[in-house]
Amino acid sequence: MTHETSHDTAHDTRHDSGYDVVVIGGGPAGVAGALSAAQAGASVVLIDAGARLGGQYFRHQAGGRPTGHGAERFARQCRALESRATLLLGHKVWAVEQDGDGSITVHCLEGRDERPVSVTARAVLVATGAHDRPLPFPGWDLPGVFTAGGAQALLKGNGVTAGRRVVVSGTGPFLLPVAAGLAAAGASVAGVFEANGLFGLARHPLLAAGKAGEAVGYGAALARRRVPYRTRHAVVAAHGTTSVTHVTVARLDPAWRILSTRTVECDAVAAGYGFVPQIELAVQLGCATGHSPDGSPVVAVDAAQRTTVAGVYAAGEPTGVGGAALSELEGRIAGLTIARDLAAPGGSLDHVPGVLRRRAERLRAFGEALQHAYPVQPGWQDWLADDTLICRCEEVPLAAVREAMTLGATDARSVKLLARPGMGWCQGRVCGYAVSCLSGEPTTQAPRRPIAQPIPLGCLERIDDEQPR
């Protein structure tokens, strides 16, 4: 399944006053939401920055097909959506705003030329997914050090392994499919190092039972290739000159303090410590936020996926990280809700089949249990040295962060103003969590960015020249 087209060859469902629904995000939540709304009679446009539908979970190469659990189902949904909705792929959304009449305008950049375009609709579904949450450690700025999601994206999207001999480190079950995928593609996986314990879900056996087969499958794939899996271990430093050549792996106590270390040779590292929901667009629209069990800010929604702003809905990871299956269910619920609300705003949940609600509740509970089972412990801060870069974009070391605090900085924002972490290309997406932890500030603060994606300054000058889609 390949989706290389944008508006020119997509099925146009727009009416004179714009679309009924604009869906932002082409992953499991966005596709399910767009399809459900379209099948219920709404005119739908789906916008995604990628060249193909799939998001991060179902990312795949040009001319290929998505793989993984639920891939065939997702492919069927994409085929059904193509004839029912307009697909604007290769469109990067950088801002959204609610107009005086209650409609939503989405501002995008189209293609490599970054042509400014806009889309207007009566309602918007924010299904923008999440990004990796990295933790800094000495040497993490060396070439060859990837986030776990980055290593998987490189493999799925380009068929390229992060290295010939890879170490996978961090916490959470996501490490297993990353390691299994790399091994299956021919990389030598030198080890999977889980910072937390082995039985994190032991207190939730009923919730874990539904995913046990998936975990066993990944475990068996690693065992066949004799890939070691070590709990209470993590990469605490990477070493090399022009690129990583070896890492220091530490045995940890439950608080992640170092007990002992050893060296493992490798030419690549894939490290991941969970995910951060991407909620910037919902925050731009004024939606209320809460926080997930791991402290991440999330969009607050009701049982029908409505946010606190009329006409704005959210589904998938922006409402709390819970995996592809939950994202799809929330997308379906959101699509049904949008179609109903456009006809008769508000009301009960009668439009959502009970089986969908019950499955979503179970998967949501499982996602929350995972976050409780695989927390980020404070001991990681002891892994750092004064010259460890905290912000790679602006090359801000730990010493500069600490100096800012001695000068009176009491939160991440004041540290940013004094030492510049978070002022670079990523706008704090990579270093924001670490800076908040180091400054002693809660990590539940919602990001407030008037521009959700990096864009050329000239785009702001050309905003009046936007072409409607």
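Let's start with His107, a residue of strand S5, which spans residues 104-110. The model is predicted, so every feature described here is a feature of that prediction. His107 is buried, because its relative accessible area is 6%, and the cut-off for buried is under 20%.

The side chain of His107 has a partner: a polar contact of 2.7 Å links it to the side chain of Glu97. Setting aside residues up to four places away in sequence, His107 also touches Lys92, Val93, Trp94 and Ala95, along with Glu97 itself. Further along the chain, its contacts include Val117 and Ser118, and also Ile463 and Glu466.

## Val126 in strand S6

Strand S6 covers residues 115-126, and Val126 is part of it. Val126 counts as buried because its relative accessibility is 1%.

Which residues does Val126 contact, leaving aside neighbours within four places in sequence? They are Ile24, Tyr313, Ala314, Ala315 and Pro318.

## Helix H1 against H2

Now for the helices. Two packed helices are described by the angle between their axes and the distance between the axes. Helix H1 (residues 28-39) packs against helix H2 (residues 71-82) at about 45°, and their axes are 10 Å apart. That angle makes H1 oblique to H2, and the crossing is left-handed.

On the H1 side, the contact is made by Pro28, Val31, Ala34 and Leu35. These meet Phe74, Gln77, Cys78, Ala80 and Leu81 of H2. Sorted by class, the contact of H1 with H2 has 8 nonpolar residues, 1 polar and no charged.

## Helix H1 against H7

H1 also packs against H7, with axes that come within 7 Å and cross at roughly 30°. The two helices are therefore roughly parallel to each other, and their crossing is right-handed.

Here H1 contributes Pro28, Ala29, Ala32, Gly33, Ser36 and Ala37. From H7 come Ala324, Ser327, Glu328, Gly331, Arg332, Gly335, Leu336 and Ala339. How many residues of each class are in the contact of H1 with H7? There are 7 nonpolar, 5 polar and 2 charged.

## Helix H7 against H8

H7 (residues 324-343) has another partner in H8 (residues 354-373): their axes come within 9 Å and cross at roughly 140°. H7 and H8 are therefore oblique to each other, since only angles over 145 degrees count as roughly antiparallel. The crossing of H7 and H8 is left-handed.

Ala325, Leu326, Leu329, Glu330, Arg332, Ile333 and Leu336 form the H7 side of this contact. Leu356, Arg359, Ala360, Leu363 and Arg364 form the H8 side. The contact of H7 with H8 divides into 8 nonpolar residues, no polar and 4 charged.

## A mostly covered helix, H4

Is helix H4 mostly covered or mostly open? Mostly covered: of the 10 residues in H4 (residues 175-184), 8 are buried.

After H4 comes Gly186, a residue with a positive phi near 110°.

Notes. Residues are numbered from 1 along each chain as its sequence is written. This is a predicted model: local features need pLDDT of at least 70, side-chain atom pairs count only at pLDDT 80 or more; totals for chains, interfaces and linings use all residues. Side-chain values use heavy atoms; hydrogens and water are left out. Axes are lines fitted to C-alpha atoms, for helices over the stretch in contact, and angles run from 0 to 180 degrees between N-to-C directions. Helices (H or I, at least four residues) and strands (E, at least two) are DSSP runs, numbered from the N terminus. Angles under 35 degrees count as roughly parallel, over 145 as roughly antiparallel, 65 to 115 as roughly perpendicular and the rest as oblique. A crossing is left-handed if the near helix is turned anticlockwise from the far one by less than a right angle, and right-handed if clockwise. Contact means heavy atoms within 4.5 Å. Ala, Val, Leu, Ile, Met, Phe, Trp, Tyr, Cys and Pro count as nonpolar, Asp, Glu, Lys and Arg as charged, and the others, Gly among them, as polar. Buried means under 20% relative accessible area, exposed over 50%, partly exposed in between (1.4 Å probe, protein chains only). A polar contact is a pair of N or O atoms within 3.5 Å; within protein, one must be able to donate a hydrogen and the other to accept it, and residues adjacent in sequence count only if both atoms are side-chain atoms.
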